[in-house]
Each structure stands twice: as C-alpha cells, then as structure tokens.
Amino acid sequence: MEREFESKPKEVGQVYLYLQEGAFLFRDAQILTGTEVFGRFGSAITHLGDLNQDGYNDIAIGAPFAGEDRRGKVLIYNGYSNGLNANPSQVLNGAWASQSIPSGFGFTLRGDSDVDKNDYPG
C-alpha cells in the first residue's frame with residue numbers, strides 16, 4: 001500500500017529484492033513499486049535468465065489488473081551489479097481481453113526457457 005493522503009491508502013503492489021553478499025549476509029532490500037492502483041504489481045515474478053546477455057539475470061513481474069481496461073501488464077526488469085534497474089526495459093500489455101472483463105494477463109508467469117532455440121532465454 002502507498003498512502004496518497006494520511007488516511008487513504010492505495011494498493012499499488014511492491015516487490016522486495018534482497019541480494020546475498022555472503023553466508024547469512026544480505027544487502028538492504030531494493031524496493032520496486034507498482035504505479036497503478038489495484039494493478040496487483042508483484043502478483044507473479046519469474047526469472048528470465050540473462051535476456052540482454054550482459055552477465056546479469058533479468059526478471060519479469062506481473063501486474064494482472066494494470067493497464068488499459070485492466071487488461072494486465074508484464075514488466076521486464078534487467079539486472080546489473082547492484083540488483084535490478086529501477087525502470088523496466090520493456091512493458092508487455094494484455095491486448096486481447098474483453099473490455100468488460102479484465103484478462104489477468106501477468107497473473108502467472110514462467111520464464112528462463114529458450115522456446116525458439118535461438119540461445120536467448122525467455
């Protein structure tokens with residue numbers, strides 16, 4: 001929850017990333033916060049491997065009720081030496097849902113699989 005005013009919380013969703021530096025030693029959490037009220041950012045998270053081939057793992061985060069007509073979004077975050085980039089490198093929007101029924105695109109995710117055998121994960 002994020003507070004717009006003192007007594008009016010708004011549900012936007014958050015993801016906390018803890019990087020391990022050693023045995024039982026973790027950095028402070030990196031926090032990624034959704035931007036859309038009731039979008040359910042962080043409902044699903046998956047490891048994608050190293051999509052951009054920079055040596056750091058990338059992830060996808062689902063927000064199944066975000067976007068136009070609450071059709072859902074999947075946000076791709078690239079990793080780097082200090083965690084994840086604060087802004088997504090790509091945003092996929094659910095586009096085939098009925099306007100009267102939210103699609104839930106991004107409600108579940110599965111990654112790190114080379115579907116077309118081109119040596120890139122995802």
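Arg-40 is partly exposed, because its relative accessibility is 42%, between the cut-offs of 20% for buried and 50% for exposed. The model is a predicted one. In this model, Arg-40 forms a salt bridge with Glu-11. Their closest N and O atoms lie 2.8 Å apart. Both partners sit in loops: Glu-11 between β2 (8-10) and β3 (14-17), Arg-40 between β6 (30-33) and β7 (44-49). The pair therefore ties together parts that are 29 residues apart in sequence.

The loop between β6 and β7 also holds Glu-36. Its salt-bridge partner is Lys-73. Here the closest N and O atoms are 2.7 Å apart. Lys-73 belongs to strand β9 (residues 73-77), so this pair links a strand to a loop across 37 residues of sequence. How accessible are the two partners? Lys-73 has 19% relative accessibility and so counts as buried; the cut-off for buried is under 20%. Glu-36, at 24%, counts as partly exposed.

Turn next to Arg-71. Its side chain forms a salt bridge with Asp-69. The closest N and O atoms of this pair are 3.4 Å apart. Is Arg-71 buried or exposed? Its relative accessibility is 11%, so Arg-71 counts as buried. Asp-69 is partly exposed, with a relative accessible area of 34%. The structure holds 4 salt bridges in total, among them the Arg-71 to Asp-69 pair.

Now follow the strands. Strand β9, which carries Lys-73, is part of an open sheet of 4 strands. The order is β7-β8-β9-β12, and the pairing is antiparallel. Which strands form the edges? They are β7 and β12 (90-93), because each pairs on one side only. From one strand to the next, the twist averages 20 degrees. In general, strands of a sheet pair through backbone hydrogen bonds, and the pairing may be parallel or antiparallel.

How many bridges join β7 to β8? There are 5, and the two strands run antiparallel. Strand β8 covers residues 58-63.

The loop between β6 and β7 holds Arg-40 and Glu-36. Arg-40 reaches Glu-11 in the loop between β2 and β3. Glu-36 pairs with Lys-73 of β9, a strand that lies between β8 and β12 in the sheet order.

Methods
Residues are numbered from 1 along each chain as its sequence is written. This is a predicted model: local features need pLDDT of at least 70, side-chain atom pairs count only at pLDDT 80 or more; totals for chains, interfaces and linings use all residues. Side-chain values use heavy atoms; hydrogens and water are left out. Buried means under 20% relative accessible area, exposed over 50%, partly exposed in between (1.4 Å probe, protein chains only). Two strands pair if DSSP finds at least two bridges between them. Axes are lines fitted to C-alpha atoms, for helices over the stretch in contact, and angles run from 0 to 180 degrees between N-to-C directions.
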